[in-house]
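Open the model in a viewer and keep the selection panel at hand. The stops below follow one another by residue number and element.

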Amino acid sequence: MSYLPAEDISVRLTQIIVESIGSAGGWIGFDTFMAQALYTPGLGYYAHDSAKFGTMPFAVVAGERVAGSDFVTAPEMTPLFGQTLAAQVAQALQMTHTNQIWEFGAGSGALALQLLDALAAQGQPVQRYCIVDLSGSLRVRQRETLARFAHVVEWVSELPEALQGVVVGNEVLDAMPVKLLARVQGDWYERGVVVAQGAGSDESVLGRANTFVWQDLPTELRPPLFVDGGHDYLTEIHPQGESFVRTLADKLTQGAAFLIDYGFPEHEYYHPQRHMGTVMCHRGHRSDPDPLSAVGLKDITAHVNFTGIALAAQEAGLNVLGYCTQGRFLINCGLAARMEQANLTERVQASKLIMEHEMGEFFKVIGLFKGEPWEAMGFSAGDRTHTL
(Lines give C-alpha, C1' and ligand atoms only; values in the text may rest on other atoms or scores of the structure.)
Protein backbone atom coordinates (compact mmCIF):
# COMPACT_ATOMS: atom_id res chain seq x y z
CA MET A 1 0.00 0.00 0.00
CA SER A 2 1.37 3.41 -0.98
CA TYR A 3 1.08 6.79 0.75
CA LEU A 4 3.14 8.65 -1.84
CA PRO A 5 1.89 11.93 -3.28
CA ALA A 6 0.04 11.47 -6.56
CA GLU A 7 2.81 12.98 -8.67
CA ASP A 8 5.42 10.68 -7.12
CA ILE A 9 3.22 7.66 -7.78
CA SER A 10 2.91 8.55 -11.44
CA VAL A 11 6.64 9.32 -11.84
CA ARG A 12 7.74 6.05 -10.23
CA LEU A 13 5.21 3.99 -12.15
CA THR A 14 6.19 5.69 -15.39
CA GLN A 15 9.84 4.78 -14.75
CA ILE A 16 8.89 1.13 -14.21
CA ILE A 17 6.89 1.04 -17.44
CA VAL A 18 9.70 2.78 -19.34
CA GLU A 19 12.09 0.09 -18.12
CA SER A 20 9.59 -2.61 -19.05
CA ILE A 21 9.32 -1.25 -22.57
CA GLY A 22 13.10 -1.18 -22.84
CA SER A 23 13.37 -4.78 -21.66
CA ALA A 24 10.74 -5.84 -24.21
CA GLY A 25 12.72 -4.35 -27.09
CA GLY A 26 11.08 -0.94 -27.21
CA TRP A 27 7.39 -1.89 -27.59
CA ILE A 28 4.71 -3.47 -25.40
CA GLY A 29 1.13 -4.36 -26.23
CA PHE A 30 -1.57 -2.23 -24.70
CA ASP A 31 -2.72 -5.15 -22.54
CA THR A 32 0.71 -5.20 -20.87
CA PHE A 33 0.66 -1.43 -20.42
CA MET A 34 -2.87 -1.52 -18.98
CA ALA A 35 -1.94 -4.29 -16.55
CA GLN A 36 1.07 -2.34 -15.28
CA ALA A 37 -0.86 0.95 -15.05
CA LEU A 38 -3.59 -0.68 -12.97
CA TYR A 39 -1.89 -3.40 -10.95
CA THR A 40 1.84 -2.71 -10.40
CA PRO A 41 2.28 -3.35 -6.65
CA GLY A 42 2.09 -0.15 -4.62
CA LEU A 43 1.91 2.11 -7.67
CA GLY A 44 -0.77 0.86 -10.08
CA TYR A 45 -4.16 2.51 -9.90
CA TYR A 46 -5.73 -0.36 -7.97
CA ALA A 47 -2.64 -0.94 -5.84
CA HIS A 48 -2.34 2.35 -3.96
CA ASP A 49 -4.57 3.96 -1.39
CA SER A 50 -6.36 6.72 -3.31
CA ALA A 51 -10.12 6.89 -2.90
CA LYS A 52 -11.62 5.24 -5.95
CA PHE A 53 -15.24 4.48 -5.16
CA GLY A 54 -17.71 7.12 -4.02
CA THR A 55 -20.22 9.72 -5.05
CA MET A 56 -18.05 12.84 -4.89
CA PRO A 57 -14.95 13.90 -6.87
CA PHE A 58 -13.57 15.72 -3.82
CA ALA A 59 -13.71 15.64 -0.04
CA VAL A 60 -13.32 18.38 2.56
CA VAL A 61 -10.76 17.67 5.29
CA ALA A 62 -10.07 20.32 7.95
CA GLY A 63 -11.73 22.88 5.74
CA GLU A 64 -9.56 22.05 2.75
CA ARG A 65 -10.79 20.46 -0.46
CA VAL A 66 -8.81 17.29 -1.23
CA ALA A 67 -9.12 14.59 -3.84
CA GLY A 68 -12.17 12.40 -3.46
CA SER A 69 -13.36 9.43 -5.47
CA ASP A 70 -12.99 8.80 -9.19
CA PHE A 71 -16.24 7.03 -10.01
CA VAL A 72 -19.34 5.55 -8.41
CA THR A 73 -20.52 1.98 -8.80
CA ALA A 74 -24.03 0.71 -8.15
CA PRO A 75 -23.43 -0.49 -4.55
CA GLU A 76 -22.09 2.93 -3.55
CA MET A 77 -25.03 4.59 -5.25
CA THR A 78 -27.71 2.79 -3.24
CA PRO A 79 -27.92 -0.23 -0.90
CA LEU A 80 -31.02 -1.29 -2.83
CA PHE A 81 -28.67 -2.67 -5.50
CA GLY A 82 -27.14 -5.29 -3.24
CA GLN A 83 -30.40 -5.98 -1.46
CA THR A 84 -32.06 -6.74 -4.78
CA LEU A 85 -29.17 -8.80 -6.11
CA ALA A 86 -29.36 -10.79 -2.86
CA ALA A 87 -32.73 -12.20 -3.97
CA GLN A 88 -31.06 -13.76 -7.01
CA VAL A 89 -28.07 -14.92 -4.98
CA ALA A 90 -30.39 -16.55 -2.43
CA GLN A 91 -32.24 -18.42 -5.16
CA ALA A 92 -28.95 -19.51 -6.73
CA LEU A 93 -27.64 -20.82 -3.41
CA GLN A 94 -30.82 -22.83 -2.96
CA MET A 95 -30.94 -24.19 -6.50
CA THR A 96 -27.27 -25.17 -6.56
CA HIS A 97 -27.32 -26.57 -3.01
CA THR A 98 -24.34 -24.46 -1.98
CA ASN A 99 -23.66 -22.07 0.90
CA GLN A 100 -20.67 -19.98 -0.17
CA ILE A 101 -20.31 -16.71 -2.08
CA TRP A 102 -17.19 -15.75 -4.03
CA GLU A 103 -16.88 -12.08 -4.95
CA PHE A 104 -14.24 -10.90 -7.40
CA GLY A 105 -13.09 -7.29 -7.22
CA ALA A 106 -15.08 -6.32 -4.13
CA GLY A 107 -14.23 -2.60 -4.34
CA SER A 108 -15.08 -0.79 -1.12
CA GLY A 109 -16.85 -3.84 0.30
CA ALA A 110 -20.23 -2.16 -0.05
CA LEU A 111 -21.77 -4.91 -2.17
CA ALA A 112 -20.53 -7.65 0.15
CA LEU A 113 -22.06 -5.85 3.13
CA GLN A 114 -25.37 -5.41 1.35
CA LEU A 115 -25.50 -9.06 0.30
CA LEU A 116 -24.56 -10.38 3.74
CA ASP A 117 -27.07 -8.13 5.52
CA ALA A 118 -29.87 -8.98 3.10
CA LEU A 119 -29.24 -12.73 3.18
CA ALA A 120 -29.14 -12.70 6.98
CA ALA A 121 -32.44 -10.76 7.03
CA GLN A 122 -33.95 -13.40 4.73
CA GLY A 123 -32.89 -16.15 7.12
CA GLN A 124 -30.32 -17.49 4.68
CA PRO A 125 -26.90 -16.54 6.07
CA VAL A 126 -23.94 -17.89 4.14
CA GLN A 127 -21.31 -20.15 5.65
CA ARG A 128 -18.41 -18.48 3.87
CA TYR A 129 -17.92 -15.25 1.87
CA CYS A 130 -14.65 -15.27 -0.04
CA ILE A 131 -13.25 -12.11 -1.60
CA VAL A 132 -10.69 -12.26 -4.39
CA ASP A 133 -9.12 -8.82 -4.85
CA LEU A 134 -5.66 -7.88 -6.12
CA SER A 135 -5.62 -4.54 -4.29
CA GLY A 136 -4.04 -4.53 -0.85
CA SER A 137 -5.36 -1.04 -0.10
CA LEU A 138 -8.89 -2.05 -1.01
CA ARG A 139 -8.64 -5.14 1.17
CA VAL A 140 -7.92 -2.86 4.12
CA ARG A 141 -11.04 -0.85 3.37
CA GLN A 142 -13.08 -4.02 2.88
CA ARG A 143 -12.01 -5.37 6.27
CA GLU A 144 -13.22 -2.18 7.92
CA THR A 145 -16.53 -2.23 6.07
CA LEU A 146 -17.15 -5.91 6.79
CA ALA A 147 -15.97 -6.00 10.41
CA ARG A 148 -19.40 -7.25 11.59
CA PHE A 149 -19.01 -10.31 9.38
CA ALA A 150 -15.39 -11.10 10.23
CA HIS A 151 -16.42 -14.63 11.22
CA VAL A 152 -17.71 -15.31 7.69
CA VAL A 153 -15.58 -13.21 5.32
CA GLU A 154 -12.12 -14.26 4.20
CA TRP A 155 -9.70 -12.97 1.58
CA VAL A 156 -7.91 -15.27 -0.83
CA SER A 157 -5.07 -14.42 -3.20
CA GLU A 158 -5.53 -17.44 -5.45
CA LEU A 159 -8.32 -19.86 -6.21
CA PRO A 160 -8.40 -23.39 -4.80
CA GLU A 161 -8.38 -26.39 -7.08
CA ALA A 162 -12.15 -26.61 -6.77
CA LEU A 163 -14.85 -24.31 -5.46
CA GLN A 164 -18.60 -24.41 -4.99
CA GLY A 165 -21.05 -21.57 -4.50
CA VAL A 166 -22.30 -18.41 -6.12
CA VAL A 167 -19.80 -16.13 -7.83
CA VAL A 168 -20.46 -12.38 -8.05
CA GLY A 169 -18.51 -9.83 -10.08
CA ASN A 170 -19.70 -6.24 -10.40
CA GLU A 171 -17.60 -4.14 -12.80
CA VAL A 172 -14.75 -6.65 -12.81
CA LEU A 173 -14.49 -7.65 -16.47
CA ASP A 174 -14.14 -4.05 -17.69
CA ALA A 175 -10.90 -3.63 -15.71
CA MET A 176 -9.21 -6.67 -17.25
CA PRO A 177 -6.48 -5.70 -19.73
CA VAL A 178 -7.40 -5.77 -23.42
CA LYS A 179 -5.44 -5.88 -26.64
CA LEU A 180 -5.97 -3.05 -29.12
CA LEU A 181 -6.39 -3.81 -32.81
CA ALA A 182 -6.29 -1.05 -35.42
CA ARG A 183 -7.26 -1.28 -39.06
CA VAL A 184 -5.34 1.43 -40.90
CA GLN A 185 -5.81 1.85 -44.64
CA GLY A 186 -7.12 -1.69 -44.85
CA ASP A 187 -4.31 -3.42 -42.93
CA TRP A 188 -4.57 -4.73 -39.35
CA TYR A 189 -2.09 -3.83 -36.62
CA GLU A 190 -1.76 -4.40 -32.90
CA ARG A 191 -1.57 -1.01 -31.23
CA GLY A 192 1.03 -0.85 -28.51
CA VAL A 193 3.02 1.63 -26.47
CA VAL A 194 6.55 3.01 -26.86
CA VAL A 195 8.53 5.68 -25.05
CA ALA A 196 8.42 9.03 -26.78
CA GLN A 197 11.70 10.06 -28.33
CA GLY A 198 13.93 11.59 -25.65
CA ALA A 199 11.54 10.89 -22.77
CA GLY A 200 13.24 7.72 -21.56
CA SER A 201 16.46 9.50 -20.61
CA ASP A 202 14.95 12.70 -19.24
CA GLU A 203 13.65 12.09 -15.72
CA SER A 204 12.13 15.59 -15.62
CA VAL A 205 9.38 14.54 -18.01
CA LEU A 206 8.65 11.14 -16.51
CA GLY A 207 5.07 10.94 -15.28
CA ARG A 208 4.00 13.92 -17.37
CA ALA A 209 2.19 14.13 -20.67
CA ASN A 210 3.89 12.76 -23.77
CA THR A 211 6.14 10.23 -22.03
CA PHE A 212 4.36 7.43 -23.90
CA VAL A 213 3.07 7.33 -27.45
CA TRP A 214 1.24 4.79 -29.58
CA GLN A 215 2.91 2.57 -32.14
CA ASP A 216 1.27 -0.02 -34.39
CA LEU A 217 2.89 -3.31 -35.40
CA PRO A 218 1.55 -5.69 -38.07
CA THR A 219 -0.40 -8.60 -36.58
CA GLU A 220 -2.26 -11.76 -37.52
CA LEU A 221 -4.80 -11.02 -34.77
CA ARG A 222 -8.30 -10.07 -35.88
CA PRO A 223 -11.58 -9.17 -34.22
CA PRO A 224 -13.89 -12.21 -33.92
CA LEU A 225 -16.27 -10.67 -36.49
CA PHE A 226 -15.47 -9.17 -39.85
CA VAL A 227 -15.88 -5.40 -39.69
CA ASP A 228 -17.58 -4.05 -42.80
CA GLY A 229 -16.16 -1.06 -44.63
CA GLY A 230 -12.71 0.10 -45.58
CA HIS A 231 -12.49 2.93 -43.03
CA ASP A 232 -9.88 3.06 -40.28
CA TYR A 233 -11.11 1.20 -37.24
CA LEU A 234 -9.93 0.78 -33.63
CA THR A 235 -11.27 -1.93 -31.34
CA GLU A 236 -10.36 -4.40 -28.60
CA ILE A 237 -10.14 -8.13 -28.08
CA HIS A 238 -10.38 -9.64 -24.60
CA PRO A 239 -8.09 -12.65 -24.06
CA GLN A 240 -7.70 -11.99 -20.32
CA GLY A 241 -11.40 -11.63 -19.63
CA GLU A 242 -12.13 -14.81 -21.54
CA SER A 243 -9.26 -16.59 -19.76
CA PHE A 244 -10.75 -15.53 -16.42
CA VAL A 245 -14.07 -17.14 -17.33
CA ARG A 246 -12.33 -20.33 -18.48
CA THR A 247 -10.47 -20.51 -15.17
CA LEU A 248 -13.73 -19.99 -13.31
CA ALA A 249 -15.31 -22.79 -15.33
CA ASP A 250 -12.39 -25.06 -14.51
CA LYS A 251 -12.59 -24.37 -10.76
CA LEU A 252 -16.35 -24.24 -10.24
CA THR A 253 -17.64 -27.75 -9.62
CA GLN A 254 -21.16 -26.72 -8.58
CA GLY A 255 -22.79 -23.31 -8.49
CA ALA A 256 -23.54 -20.20 -10.51
CA ALA A 257 -21.95 -16.89 -11.47
CA PHE A 258 -23.44 -13.44 -12.08
CA LEU A 259 -21.21 -10.91 -13.86
CA ILE A 260 -22.46 -7.33 -14.14
CA ASP A 261 -20.78 -4.80 -16.40
CA TYR A 262 -21.15 -2.43 -19.31
CA GLY A 263 -20.82 -3.88 -22.77
CA PHE A 264 -22.52 -5.38 -25.78
CA PRO A 265 -23.07 -8.62 -27.64
CA GLU A 266 -20.51 -9.23 -30.37
CA HIS A 267 -22.51 -7.90 -33.32
CA GLU A 268 -22.93 -4.56 -31.53
CA TYR A 269 -19.40 -4.46 -30.15
CA TYR A 270 -17.82 -4.75 -33.59
CA HIS A 271 -20.35 -2.59 -35.39
CA PRO A 272 -18.74 -0.62 -38.25
CA GLN A 273 -19.77 2.66 -36.63
CA ARG A 274 -17.98 1.85 -33.35
CA HIS A 275 -14.69 2.80 -34.98
CA MET A 276 -12.95 4.51 -32.06
CA GLY A 277 -12.94 1.56 -29.65
CA THR A 278 -14.26 1.60 -26.10
CA VAL A 279 -11.19 2.22 -23.91
CA MET A 280 -11.96 4.97 -21.43
CA CYS A 281 -10.33 6.44 -18.30
CA HIS A 282 -11.98 7.77 -15.15
CA ARG A 283 -10.61 10.24 -12.62
CA GLY A 284 -12.44 12.65 -10.33
CA HIS A 285 -15.78 11.64 -11.90
CA ARG A 286 -14.57 12.77 -15.30
CA SER A 287 -13.90 10.57 -18.29
CA ASP A 288 -11.14 10.88 -20.86
CA PRO A 289 -9.90 8.65 -23.70
CA ASP A 290 -6.14 8.93 -23.00
CA PRO A 291 -4.71 6.02 -20.98
CA LEU A 292 -1.12 7.07 -21.70
CA SER A 293 -1.19 10.13 -19.44
CA ALA A 294 -1.29 10.34 -15.61
CA VAL A 295 -0.50 6.65 -15.36
CA GLY A 296 -1.44 5.14 -12.02
CA LEU A 297 -3.75 8.03 -11.19
CA LYS A 298 -6.85 7.01 -13.13
CA ASP A 299 -8.87 3.96 -13.93
CA ILE A 300 -8.62 2.39 -17.39
CA THR A 301 -11.54 0.34 -18.67
CA ALA A 302 -12.95 -1.24 -21.81
CA HIS A 303 -16.46 -2.43 -22.57
CA VAL A 304 -17.19 -6.15 -22.36
CA ASN A 305 -17.87 -8.39 -25.35
CA PHE A 306 -20.51 -10.56 -23.70
CA THR A 307 -20.64 -12.96 -26.63
CA GLY A 308 -16.95 -13.73 -26.11
CA ILE A 309 -17.57 -14.26 -22.39
CA ALA A 310 -20.49 -16.61 -23.06
CA LEU A 311 -18.57 -18.63 -25.66
CA ALA A 312 -15.49 -18.95 -23.46
CA ALA A 313 -17.69 -20.11 -20.59
CA GLN A 314 -19.49 -22.69 -22.70
CA GLU A 315 -16.29 -24.01 -24.26
CA ALA A 316 -14.90 -24.54 -20.75
CA GLY A 317 -17.95 -26.32 -19.35
CA LEU A 318 -20.28 -23.63 -18.00
CA ASN A 319 -23.77 -23.01 -19.32
CA VAL A 320 -25.61 -19.71 -19.71
CA LEU A 321 -28.47 -19.02 -17.28
CA GLY A 322 -29.41 -15.81 -19.05
CA TYR A 323 -28.32 -12.42 -20.31
CA CYS A 324 -30.22 -9.17 -20.05
CA THR A 325 -29.96 -5.51 -19.17
CA GLN A 326 -29.27 -4.52 -15.58
CA GLY A 327 -32.58 -2.65 -15.48
CA ARG A 328 -34.59 -5.71 -16.48
CA PHE A 329 -32.58 -7.99 -14.17
CA LEU A 330 -33.18 -5.81 -11.11
CA ILE A 331 -36.87 -5.39 -11.86
CA ASN A 332 -37.18 -9.16 -12.21
CA CYS A 333 -35.52 -9.52 -8.80
CA GLY A 334 -37.98 -7.18 -7.09
CA LEU A 335 -36.37 -3.73 -7.13
CA ALA A 336 -39.69 -1.96 -7.78
CA ALA A 337 -41.21 -3.30 -4.56
CA ARG A 338 -38.14 -2.26 -2.58
CA MET A 339 -38.29 1.23 -4.06
CA GLU A 340 -41.91 1.58 -2.91
CA GLN A 341 -40.73 1.10 0.68
CA ALA A 342 -37.82 3.54 0.34
CA ASN A 343 -37.74 7.29 0.94
CA LEU A 344 -37.63 9.79 -1.91
CA THR A 345 -33.84 10.16 -1.96
CA GLU A 346 -33.34 6.40 -2.07
CA ARG A 347 -35.91 6.04 -4.84
CA VAL A 348 -34.18 8.69 -6.94
CA GLN A 349 -30.82 6.96 -6.57
CA ALA A 350 -32.27 3.51 -7.25
CA SER A 351 -34.03 4.77 -10.37
CA LYS A 352 -30.60 5.36 -11.94
CA LEU A 353 -29.99 1.62 -11.78
CA ILE A 354 -32.87 0.88 -14.14
CA MET A 355 -33.41 3.97 -16.30
CA GLU A 356 -32.37 3.44 -19.92
CA HIS A 357 -30.37 6.67 -20.16
CA GLU A 358 -28.53 5.89 -16.91
CA MET A 359 -27.29 2.38 -15.99
CA GLY A 360 -30.39 0.37 -16.83
CA GLU A 361 -29.65 -0.29 -20.51
CA PHE A 362 -25.92 0.44 -20.55
CA PHE A 363 -25.10 -2.29 -18.01
CA LYS A 364 -25.79 -5.96 -18.65
CA VAL A 365 -25.92 -9.08 -16.50
CA ILE A 366 -24.83 -12.51 -17.64
CA GLY A 367 -25.57 -15.58 -15.56
CA LEU A 368 -23.55 -18.81 -15.82
CA PHE A 369 -23.95 -22.13 -14.04
CA LYS A 370 -22.58 -25.63 -13.60
CA GLY A 371 -24.83 -28.49 -12.62
CA GLU A 372 -28.50 -29.09 -13.30
CA PRO A 373 -30.32 -26.33 -15.23
CA TRP A 374 -32.82 -24.08 -13.44
CA GLU A 375 -34.83 -20.92 -14.11
CA ALA A 376 -33.12 -17.85 -12.65
CA MET A 377 -35.50 -15.11 -11.51
CA GLY A 378 -33.26 -12.35 -12.85
CA PHE A 379 -33.82 -13.50 -16.42
CA SER A 380 -37.51 -14.39 -16.12
CA ALA A 381 -38.46 -11.55 -18.47
CA GLY A 382 -36.45 -9.69 -21.08
CA ASP A 383 -33.79 -12.37 -21.53
CA ARG A 384 -31.52 -11.48 -24.47
CA THR A 385 -29.44 -14.65 -24.62
CA HIS A 386 -30.53 -15.06 -28.23
CA THR A 387 -28.61 -11.87 -29.14
CA LEU A 388 -25.24 -13.21 -27.99
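This is a predicted model. Start by selecting Ala37: apart from its neighbours within four places in sequence, Ala37 is in contact with Leu13, Ile17, Gly44, Tyr45, Gly296 and Ile300. Ala37 sits in helix α2, residues 30-39. Its relative accessibility is 0%, so Ala37 counts as buried, the limit being under 20%.

Next, move to Ile300, one of the contacts of Ala37. Ile300 belongs to β15 and stands opposite Cys281. Select β13 (residues 280-283) as well; three bridges join β13 to β15, and the two run antiparallel. Now show the whole sheet, which is open and has three strands in the order β14-β13-β15, with antiparallel pairing. Its edges are β14 (286-288) and β15 (299-301); each has a single partner strand, so one side of each lacks a neighbour in the sheet. On average, neighbouring strands here are turned by 30 degrees against each other, direction ignored.

The last stop is helix α12, residues 344-354, where Ala350, Ser351 and Leu353 are buried. These residues are on the same side of α12 because they cover an arc of only 140 degrees around the axis. Select Leu344 and Thr345 on the other side of α12; both are exposed. To see what the buried residues of α12 pack against, display α3 (74-77), α4 (79-96), α10 (326-332) and α11 (335-340). Finish at Asn343, which caps the N-terminal end of α12 with a side-chain oxygen 3.1 Å from the backbone nitrogen of Thr345.

Key: Residues numbered from 1 in each chain as written. Predicted model: local features only at pLDDT ≥ 70, side-chain atom pairs only at ≥ 80, totals over all residues. Heavy atoms only, no water. Buried < 20%, exposed > 50% of the residue type's maximum accessible area, 1.4 Å probe, protein only. Helix = DSSP H or I, 4+ residues; strand = E, 2+ residues; numbered from the N terminus. Arc of directions from axis to C-beta. Contact = heavy atoms within 4.5 Å. Polar contact = N/O pair within 3.5 Å; in protein donor to acceptor, adjacent residues only side chain to side chain. Pairing = 2+ DSSP bridges. Axes fitted to C-alpha atoms, helices over the stretch in contact; angles between N-to-C directions.
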